[in-house]
Structures are given as C-alpha cells and as structure tokens.
Amino acid sequence: MVKKTDISPALSIQLHYTAQAVQSVRQGHSLTDALAHSPVALRPGIQALSFAVLRRLAGAQAARKALAPRPPRTEVDALLLCALALLWPTEGPDAASYKDHTLVNQAVMAIKKIDARSAPFANAILRRFIRERESLVPHLSTDQVVHTEHPAWWIDRLRQDWPQEWEHIVHANNQHAPMALRVNARWGSAFDYLKELSAAGLKGVSFKHPYLAQ
C-alpha cells in the first residue's frame, strides 16, 4: 500500500477508480481487465487500494449491511464499501495506510462528485462504523466468510477436499508472499545486491530457486 498520513488531493480520485475496479470484479471481471480502464499514472495506487479492499470486502459488505440494510445506488455503494474495507482493522502489510478522518473526508468527497445527496448518508455511515468498530467487527467476524476472508463456495470446496487442512490453507492464502528478485549475474552478484539493500536500510536474504537450472 502507498503510505500516506496527510490528506492527498489524489486520494478521492484513486478511491473513485478503485470503486469502479472493485465493482467490476464483483460483477465477474478480472481485476487486471478492470484496472485497464484506470488512468495509467494512477494505476499503481489504484491497484494497491483494490488489493486491500478485495481482501477485506466480505467484512465491508457485512458492515454496510448492518449499518445500512437498504443499499444506496450502485456507484455510491461501491465507494462506501471501499471506504469501509480500508477502515477495517488489520495488522501487518494491510494495516491502515490513511488516518480515519482522512479516509472519510476523501471518500465522502468522491461520493459527492457522483451524487451530492448521498454524501451526508455516506458520511454518517462511515463515522458510525468508526465509533462502533471495536464492538461491531468482532460481532461481524463470527460469520465464517468474514472471518476467513474467503467466499462461502471456496470454503465449502476446501472443506470437502481438505477436511483436516482447510483452515491452514485459508490462513496461508491470506498471507502476503515475500517479494523475490532475480539478480542478473552480468551486472553483479546476489551478495553485492544484498549489500546495496542493507545500505538502503532494507533487509533481504539470498536463496536459489529449486526449479532454476543449477
């Protein structure tokens, strides 16, 4: 995720395109195809936001349903779900990248550009979620789909095929894969590159992929 602590003029625009991408995925399209309709300059940020939203989408949908059983128009609902997903408490690489008030402000701004009449409604829903988050999230997480962050059909398939291991598979599937880089030996060694990373304050380890030629 792109790390931001202050209000970014581009965040409301990124949320706008993120909502479009996520809605497209919900309609059955691939995220790759959905992102192709986003501005090239903003695509990295939109992709990062889309990944974060999709990982927490089940919780966001449950929260919106609990706070607003009657959903707003599709475009507004998509933005609302994105904001709720990004406000969902998460640790590690998925931890919140924006302060609550920043995210609410920018999400409402994005919604206002689509439907000004829905902005107060969205603002109220998001602020209520923040107020009730500490008690609401554990309650919603009793639902298996929300807790596992996997769709019901996929959980059922895993339980059928791997009855003893399915929970471990789901947990592993929610972990972030480490970044792997292949060093071009023409320009230096893995050892030299690790020294460069260390000088930049970054950690890394050298390994040989088992499927690469010896």
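Okay, hi everyone. Before anything else, please keep in mind that this is a predicted model. So what is the chain built from? It has 11 helices and zero strands. As for overall dimensions, the C-alpha trace spans about 60 × 45 × 35 Å along its principal axes. There are 214 residues, and 36% of them count as buried.

One more overall number. Take the contacts in the chain with a separation of 6 or more: residues 24 or more positions apart account for 65% of those.

Now, the inside. In soluble globular proteins, nonpolar side chains tend to be buried together. Here, the largest nonpolar core has 41 residues. The ones with the most contacts inside that core are L15, V53, L84, L86, W88, L126 and F129.

Setting aside its neighbours within four places in sequence, V53 is in contact with T18, V22, C82, A85 and L86. There is also a second, separate core, this one of six residues, and L31, L35, L42 and I46 are among them.

On to how helices pack. Two packed helices are described by the angle between their axes and the distance between the axes.

Pair one is α1 and α3. Their angle is about 55 degrees, and the axes are 9 Å apart. An angle like that makes α1 oblique to α3. The crossing of these two is right-handed. On the α1 side, the contact uses L11, Q14, Y17, T18, A21, V22 and V25, and α3 brings G45, I46, L49, S50, V53 and L54. Sorted by class, that contact has nine nonpolar residues, four polar and no charged ones. You'll spot V53 here again, on the α3 side.

Q14 sits in α1. Is Q14 buried or exposed? Q14 is buried, with a relative accessible area of 14%, and the cut-off for buried is under 20%. Leaving out neighbours within four places in sequence, Q14 is in contact with L42, G45, I46, L49 and Y98.

The other one is A19, also in helix α1. A19 is buried as well, at a relative accessible area of 5%. Which residues does A19 touch, beyond its neighbours within four places in sequence? Those are A78, L79 and C82. And here's a distance you can check on screen: the C-alpha atoms of A19 and I46 are 9.2 Å apart, though the two residues are 27 apart along the chain.

Pair two is α6 and α7. Here the angle is about 160 degrees, again with the axes 9 Å apart. That makes α6 roughly antiparallel to α7. α6 passes α7 in a right-handed crossing. From α6 you have D100, V104, A107, V108, I111 and K112 in the contact, facing A119, A122, N123, L126, R127, I130 and R133 of α7. By class, that's eight nonpolar, one polar and four charged.

W154, I155, L158 and R159 of α9 meet W166, I169, V170 and N173 of α10. This contact is made of six nonpolar residues, one polar and one charged.

In the loop between α8 (144–148) and α9 you'll find E149. What is its phi? E149 has a positive phi of about 60 degrees, although it is not a glycine. E149 is partly exposed, with a relative accessible area of 32%.

To wrap up, then: 11 helices and zero strands, a largest nonpolar core of 41 residues, and a second, separate core of six. Thanks, and I'm happy to go back to any of the helix pairs.

Note on methods:
Residues numbered from 1 in each chain as written. Predicted model: local features only at pLDDT ≥ 70, side-chain atom pairs only at ≥ 80, totals over all residues. Heavy atoms only, no water. Core = buried A, V, L, I, M, F, W, Y, C linked by side-chain atoms within 4.5 Å. Buried < 20%, exposed > 50% of the residue type's maximum accessible area, 1.4 Å probe, protein only. Contact = heavy atoms within 4.5 Å. Helix = DSSP H or I, 4+ residues; strand = E, 2+ residues; numbered from the N terminus. Nonpolar A, V, L, I, M, F, W, Y, C, P; charged D, E, K, R; others polar. Axes fitted to C-alpha atoms, helices over the stretch in contact; angles between N-to-C directions. Parallel < 35°, antiparallel > 145°, perpendicular 65-115°, else oblique. Left-handed = near helix turned anticlockwise from the far one by under 90°.
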